[in-house]
Protein chains: 2
Amino acid sequence: MEVTNKYIVIKAHIDGKPEESDFEVKTEPFSLSVKPRSNDIIIKNLYVSIDPYQINRMKTMSASQKASEFAVGISPGQVIDAYGLGKVVASGNPKFEKDDYVVGLISWGEYSISQGFILSKLDPMGFPLSYHVGVLGLSGLTAYVGLFEICKPKKGEKVFVSAASGSVGNLVGQYAKHFGCYVVGCAGSPNKVKLLKEELGFDEVFNYKEENDLNSTLRRYFPDGIDIYFDNVGGEMLEAAISNMNSHGRVALCGIISEYTNAEKRAIPDLLTVIYKRITIQGFLSGDYMHIFPEFVTTTIDHLRAGKMHVLEDVSIGLESVPSAFVGLFRGDNVGKRIVQVSQD
Amino acid sequence: MEVTNKYIVIKAHIDGKPEESDFEVKTEPFSLSVKPRSNDIIIKNLYVSIDPYQINRMKTMSASQKASEFAVGISPGQVIDAYGLGKVVASGNPKFEKDDYVVGLISWGEYSISQGFILSKLDPMGFPLSYHVGVLGLSGLTAYVGLFEICKPKKGEKVFVSAASGSVGNLVGQYAKHFGCYVVGCAGSPNKVKLLKEELGFDEVFNYKEENDLNSTLRRYFPDGIDIYFDNVGGEMLEAAISNMNSHGRVALCGIISEYTNAEKRAIPDLLTVIYKRITIQGFLSGDYMHIFPEFVTTTIDHLRAGKMHVLEDVSIGLESVPSAFVGLFRGDNVGKRIVQVSQD
């Protein structure tokens with residue numbers, strides 16, 4: 001059977017802040033049957049993840065990067081692969097059957113074809129499907145790995161999280177609180193601040209847009225210094241965090257969204273402090289830690305079932321909403337995990 | 001018995017490049033006897049270490065730093081403590097006896113009084129006394145710890161060392177070669193380049209002063225990328241090294257001499273590369289690794305006795321030469337470990 005598949009493309013490389021007009025919806029005829037002797041898996045996409053890092057793949061420079069060393073570039077006019085969840089329509093791959101739920105690399109489209117690369121069968125375990133794109137998916141793993149594997153917290157340590165209401169940041173804060181750390185977050189609106197403090201249990205939260213001197217802001221919130229900084233933003237927040245760190249402090253570099261669309265904002269960290277305080281700054285990608293996935297899922301499900309973990313989702317409906325959902329990330333529109341529901345199950 | 005003790009002081013805080021005129025020699029009456037019931041150790045200084053990091057202690061800002069978090073500030077007119085080697089003249093401390101050799105915290109002076117803090121009895125083990133200030137002292141430990149504990153090399157990995165003819169850098173290169181790494185260094189003169197390549201066994205060495213674009217220089221010397229960067233200089237060399245690192249690369253931040261006297265030169269590392277290549281940047285101080293000292297000494301003595309380790313010493317004679325020896329570090333005058341021999345044994 002053949003249908004029409006809608007998918008999102010970029011019209012040209014995007015080097016500044018993305019705008020909705022940078023994107024368009026394309027259509028193609030799409031077969032829902034697997035070709036004979038093919039290994040393909042045909043997937044009906046249900047939920048797709050909307051993540052800031054995709055902007056780096058859309059830049060002109062991404063086209064010249066080696067895929068092994070950087071995010072794979074996205075070419076104008078081409079299907080954009082993205083993390084998400086779908087249902088198998090047809091499969092020539094013995095590991096997948098019709099009607100299986102799958103998570104992994106699908107696309108910003110209504111349907112995807114996969115060769116099984118970065119794709120797993122999913123047991124929803126009684127949780128909403130969307131959870132498996134966020135809190136029980138890569139966002140959760142990223143938070144878990146960055147906090148526990150990279151920063152190796154000790155109980156009572158002082159943790160700072162930027163973009164604390166974001167898909168990863170809110171989970172970092174919650175994990176750190178459950179673990180027994182003191183947690184301060186920053187976010188970009190009074191509503192976000194209120195939510196994190198009153199609902200998610202952060203010890204303190206501040207609105208960075210209301211602060212003039214981040215260095216003294218952090219000194220105020222951390223009079224005894226920061227032990228762990230989980231960085232989602234880079235730029236001057238990173239500079240201020242490093243200047244306020246304790247000896248043997250650890251910085252997990254997860255994202256630097258403030259620098260993605262503005263190279264002028266690149267951080268100039270005080271490296272003399274990094275030396276004298278023996279600070280470790282470590283970049284990481286959660287994909288390197290798939291061996292932690294079972295541990296992460298078990299821990300997170302325990303928290304969820306005990307009602308100890310709030311799930312912040314920011315779901316918009318319909319493939320056409322992908323560009324606005326994506327563009328809004330760079331204005332800080334989202335609260336929690338931004339997901340587009342492409343189709344109903 | 002009372003003598004006259006000469007010692008070096010700074011006349012005022014030094015915030016730019018140091019000059020000889022920033023220093024002066026002072027004298028004081030000095031008793032060679034220990035006061036009754038005192039725990040003091042009176043030391044005749046033989047060799048004192050001349051290290052770039054001391055400049056950070058001489059800056060105006062150092063006065064306001066907490067000693068626990070930064071180098072202890074040096075006040076104008078006051079005795080300057082420094083790593084070195086001496087001989088005990090008199091001791092009220094049961095751990096030390098007259099005529100013991102000692103290494104540790106003494107001073108840029110002819111005599112020192114110690115309360116035993118950061119001071120050890122020394123068995124020269126048949127090596128020249130000066131070795132225990134350099135290759136068998138903190139410089140050696142710093143090289144050893146930075147390479148093996150911080151960077152954790154694997155055989156065959158590609159190592160880049162800046163200030164490669166400096167007190168620490170030349171040893172890093174030699175350790176890394178003996179361990180089985182490919183080692184490239186940079187230095188600031190043709191003679192240094194020749195020495196490192198022909199005598200010390202570096203695979204490649206370049207003169208950074210002859211290079212216009214460090215990024216492409218490093219790409220030329222490391223077509224397959226850098227696995228380990230042992231940084232002694234900071235600034236644009238650090239930026240270029242990070243841009244040329246391989247996935248899971250490690251940067252040991254040992255010193256950033258290019259930034260010590262010129263804050264304009266602060267590095268702006270490409271943090272997106274740090275994330276995508278999962279790079280770790282770690283500041284360290286060798287003082288945290290005194291538990292490694294026995295292992296370090298054993299390994300180094302083995303290399304020395306096997307004739308596999310070249311010792312680069314740059315010794316000047318007489319306390320009065322301390323200012324010129326120190327100031328010269330920032331012009332790159334030294335080849336290897338800069339030491340002042342204050343007195344003959």
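Buried area is the accessible area, taken with a 1.4 Å probe, that two parts lose on being put together, summed over both. By that definition, chain B and chain A of this predicted model bury about 3200 Å² between them, with carbon and sulfur atoms giving 62%. Inside chain A, domain 1 and domain 2 bury about 1400 Å² between them, and 60% of it lies on carbon and sulfur atoms. The points below take the chain pair, the domain pair and the salt bridges in turn.

**Relation of the two chains**

- Two copies of a chain are related by a rotation about an axis and a shift along it.
- Here chain B is superposed on chain A by a rotation of 180° with 0.0 Å of shift along its axis, at an RMSD of 0.0 Å.
- The two copies are therefore related as by a two-fold rotation axis.

**Interface of chain B and chain A**

- The contact count is 37 residues of chain B with 37 residues of chain A.
- On the chain B side, B:L271, B:I275 and B:Y276 supply 22% of the area that this chain buries against chain A, more than any other three residues.
- The copies meet through the same surface, because 100% of the interface residues of chain B are also interface residues in chain A.
- Two salt bridges are counted between chain B and chain A.
- A salt bridge joins the side chains of A:R278 and B:D288, at 2.7 Å from N to O.
- Seven residue pairs are in polar contact across the interface of chain B and chain A, both residues of each pair being at pLDDT 80 or more.

**Domains of chain A**

- Domain 1 of chain A is made up of 2–135 + 311–341, and domain 2 of chain A covers 138–287.
- Between the C-alpha centres of domain 1 of chain A and domain 2 of chain A the distance is 28 Å.
- In contact across this boundary are 20 residues of domain 1 of chain A and 14 residues of domain 2 of chain A.
- Within domain 1 of chain A, the residues that lose the most area to domain 2 of chain A are A:Y83, A:V135 and A:L312, together 30% of what that side buries.
- Zero salt bridges are counted between domain 1 of chain A and domain 2 of chain A.
- Polar contact between domain 1 of chain A and domain 2 of chain A comes to seven residue pairs, both residues at pLDDT 80 or more.
- The side of domain 1 of chain A that touches domain 2 of chain A has eleven nonpolar, six polar and three charged residues.

**Salt bridges**

- Side chains of opposite charge can pair when their charged atoms come close.
- Over all chains the count comes to 30 salt bridges.
- In chain A, A:E211 forms a salt bridge with A:R220, and their closest N and O atoms are 3.2 Å apart.
- In chain B, B:K177 is paired in a salt bridge with B:D203, the closest N and O atoms lying 2.9 Å apart.
- B:D99 forms a salt bridge with B:K98, where the closest N and O atoms are 3.7 Å apart.
- B:D99 counts as partly exposed because its relative accessibility is 46%.
- B:K98 has 55% relative accessibility, so this residue counts as exposed.

Methods. Residues numbered from 1 in each chain as written. Chains lettered and ligands numbered in written order. Predicted model: local features only at pLDDT ≥ 70, side-chain atom pairs only at ≥ 80, totals over all residues. Heavy atoms only, no water. Domains from an automatic or database assignment. Contact = heavy atoms within 4.5 Å. Salt bridge = Lys/Arg side-chain N within 4 Å of Asp/Glu carboxyl O. Polar contact = N/O pair within 3.5 Å; in protein donor to acceptor, adjacent residues only side chain to side chain. Nonpolar A, V, L, I, M, F, W, Y, C, P; charged D, E, K, R; others polar. Least-squares fit on C-alpha atoms with pLDDT ≥ 70 in both. Buried < 20%, exposed > 50% of the residue type's maximum accessible area, 1.4 Å probe, protein only.
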